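Visitor: Hi, I'd like to chat through a structure with you. Could you put it up for us?

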Amino acid sequence: MQQKECIAMLLAGGQGSRLKALTKRIAKPAVSFGGKYRIIDFALSNCINSDINTVGILTQYKPYLLNSYIGNGEGWDLDGLNGQVSLLPPYFTEEGGSWYDGTADAIFKNIDFIDSINPKYVLILSGDHLYKMDYNEMLKYHKKVGADLTVSVINVSIEEASRFGIMSVDEELHITKFTEKPKKPESTLASMGIYIFTWSVLRKALIEDSTDKKSEHDFGKNIIPNLLKEEKRLYAYEFKGYWKDIGTIDSYYEANMDLLKDDPHIDIFDRDMRIYSNSNISPPHFVGSTGKVEKSLLCNGCVIDGKVTNSILSTNVVVEKGAEVTNSILLPNVHVKAGAKVTRAIVGEGSVINSKAKLGSSAKNAEIALIGDNEVYK
Amino acid sequence: MEKLAGLISANYNDARFGKLTAHRPIAAVPFGSRYRLIDFPLSNMVNSGMTSVGLITPHLYRSLMDHLGSGKEFGLSRKSGGLYILPGSTYGFDLGKGKFSIRDCKGNMQFFERTRFDRLVMSTCSKIYNIDYRDVEKYHLDKDVNVTFVYKKNMDGDVGDIVIDFDDRGRVKSIRRLKKKEKKVNLYLDSTLIDKNVIIRIIDWYKDNSYMDVIEAIAENLGRLSVAAYEFTGYARSINSVKDYMDVSRELLDSKVMKELFMGDRLIHTKIHDAPPVKYFESAKVKNALVGTGSIIKGTIENSVIFRNTCIEEGAKIKNSIIMQKCFIGAKAILENVICEKGVVIEDGEVHKGTSAKPIIISRD
């Protein structure tokens, strides 16, 4: 077999507790987004669009739906002759079993997997970020500057900077300092949690870190500072596009609603950097004689007899006659019954809004109404 | 275990489809926003648990192969069984009548000999309905017959369709072509369930008259075979012409029809494009419409079927029309009773109006 130059390891085990009811049943990367997608589609599509066809996906929190969604990776063309998707949950060994304890620990526990492929470089990704990026450009850069580690960074405002891992760099973008969530940021270059490591360097660092009892086994807190101390070649790669960490209900709502703009940050219609997904079979959507649709995204299988305005309706959503859905995000299989009003709300998969029920409010500063999966709202 | 396999004939044509079949077989005619006609018989077969399906190809089969690929989307890309592509004959085929020639079966005897099955469902691609062939098989076994036809009562047919007559005791008396102006008949739905040894015998009997249709061969031998007819009671339609195509497409806009055909337990499978959701802009107005994914809608749509990846610009008005895949409808264009073939570009302000009896077909060439 040909040697793989670069593989991706995708961290998808996080709970995403700040997404509240949306992640009660499913891992954050598997949360529905933009109608037909799930959040992880963006990272997986970036991989295949960057010719990276071997992806290890580290799962831990409620993995069932995520696992079944990813399957063998064929939805993203990741099932080719040389490619594969491997789902990598924590496992038992002769020394006992343990969960993934930190981002670096998750990769450390899968050294065998990476060794079996023996790539030159390893790309570390998060399954819960929204962006379109050609990782190949970053890899080219990593090779050109001869880095041991390249960190993808984005310029943020000084106010936001204390939420991120912040990099100080010299003129050649050589990283001189890395601080996780600094109170007084020295720079505005924030880490996007996307790393390219030269595998031999990462391998050694992971093994050393695993024996350090004080370590939190985290890339930002431990691995990167250690490599800096060892004076390894760490470089920043500045990403100029749109990037969003879907951390909270508000940011989830905003990122979704952005797609409704005439000129959204992420162009899902762009054929060059396509976003793939694992589509299920459903008929085309149907707008009936009493239906009205304005400024919205609609997926297959929807049946609309009510009014839908400025909303995103995922697969197989039903909006009955007299119902009104405004400024809302309805996840797959939601049923809005006759006369119900849904305003500025996020409704989880399979939930039912009963006839004449009123959910959410259009009042300014009103909190986004949130209904979890498979609930009935009366 | 007893096995049911499927065999679909796509090797026939009909001039009444006009431009719609200029570059594609009837089986590959796009239908219902995201399907092609072959999706219906093929989905019926796989939804009835069949894992081996043969497809007799027509002469122009590029679009058909592009659509079906390895049969993956129908669960037919398998180690055991799967989708068998059976080349149909190209010369001397009587285009007027038959849809399922003995010759095409004869030329693909390996399918009958090598595929593991006990009974076979033979179907064409000209009828739209959603059926569970396991019910037909149960009926076939209960009646203890060799051949079971699927039919629907009180249906209007067209030239070329086949009618089943029963005697006083409800047994199949004759199978014949529909007479002109005949209405409300027991219309044969182009599906036959037949025992393996019987179909192999019939092919052998008629190998020298191989231009004949399998159904005609069975009809000639009603006395020698035990034959029954299974009544299908759901929604079923024939598509034999542009007019039928337009009428049945419009019927899909009846939500009862839509739900029965597409939203029950047995889904109609098709090639997945994985296009983005449909984006409606503020200026969009849509009423009574089916819309395929990947479309961008800024104009007005009424009583129409819109296929995938179309773009309808602001001020455009589309009424009683069918707009196929990848069409671009310019601003303020007006289309009424029109079928826009795949990839057609309608310039800003263009106006095309047909009538519901005679829709205009606009194609790229």
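Visitor: Okay, is B:C125 buried or exposed?

Guide: B:C125 counts as buried, at 0% relative accessibility. Buried here means under 20% relative accessible area, exposed means over 50%, and partly exposed is in between (1.4 Å probe, protein chains only). Before we go on: this is a predicted model, where local features need pLDDT of at least 70, side-chain atom pairs count only at pLDDT 80 or more, and totals for chains, interfaces and linings use all residues. Residues are numbered from 1 along each chain as its sequence is written, chains are lettered from A and ligands numbered from 1 in the order in which they are written, and side-chain values use heavy atoms, with hydrogens and water left out.

Visitor: How many disulfides does the structure hold?

Guide: Zero, over all chains. B:C125 is in no disulfide, and the nearest cysteine sulfur, in B:C105, is 14 Å away. A disulfide is taken as a pair of cysteine sulfur atoms within 2.5 Å.

Visitor: Switching topic. Where does B:K127 sit?

Guide: In strand β7 (residues 127–128) of chain B. Helices (H or I, at least four residues) and strands (E, at least two) are DSSP runs, numbered from the N terminus. B:K127 is buried, with a relative accessible area of 4%.

Visitor: Which side chains does B:K127 have polar contacts with?

Guide: The side chain of B:D161, at 2.9 Å, and that of B:S238, at 3.4 Å. A polar contact is a pair of N or O atoms within 3.5 Å; within protein, one must be able to donate a hydrogen and the other to accept it, and residues adjacent in sequence count only if both atoms are side-chain atoms. Leaving out residues up to four places away in sequence, B:K127 touches several others, including B:F40, B:K99, B:Y188 and B:R237. Contact means heavy atoms within 4.5 Å.

Visitor: What about β9 in chain B, what does it pair with?

Guide: β9(B) pairs with strand β10 (residues 172–177) of chain B, antiparallel, over five bridges. Two strands pair if DSSP finds at least two bridges between them. B:F166 has B:V172 in β10(B) as its bridge partner. Four of the five residues of β9 (residues 162–166) are buried, so this strand is largely enclosed by the rest of the structure. The hairpin has five residues between the strands, and B:G170 there takes a positive phi near 80°.

Visitor: How do the two chains meet, in terms of residues in contact?

Guide: 36 residues of chain B are in contact with 37 residues of chain A. The area buried between them is about 3100 Å², with carbon and sulfur atoms giving 58%. That area is the accessible area (1.4 Å probe) that two parts lose on being put together, summed over both.

Visitor: How many salt bridges are there between chain B and chain A?

Guide: Two. In a salt bridge, B:K72 and A:E74 meet through their side chains (3.5 Å, N to O). The rule is a side-chain nitrogen of Lys or Arg within 4 Å of a carboxyl oxygen of Asp or Glu. Across the interface there are also 18 residue pairs in polar contact, both at pLDDT 80 or more.

Visitor: Which elements of chain B supply residues to the side that touches chain A?

Guide: α9 (255–262), β14 (278–280) and β15 (285–291) of chain B each supply at least two. β15(B) gives the most, with six residues.

Visitor: Which strands form the 10-strand sheet?

Guide: The order is β30(A)-β27(A)-β24(A)-β21(A)-β18(A)-β14(B)-β16(B)-β18(B)-β21(B)-β24(B), an open sheet with mixed pairing. β30 (369–371) of chain A and β24 (345–346) of chain B stand at the edges with a single partner strand each, so one side of each has no neighbour in the sheet. β21 (residues 328–329) of chain B pairs with β24(B) in the parallel sense over two bridges, and B:I329 has B:I346 as its bridge partner.

Visitor: Last one: what caps the N-terminal end of α7(A)?

Guide: A:D218, with a side-chain oxygen 2.9 Å from the backbone nitrogen of A:G220. In α7 (residues 219–229) of chain A, the buried residues include A:F219, A:I223 and A:L227. After the helix comes A:E231, with a positive phi near 60°.
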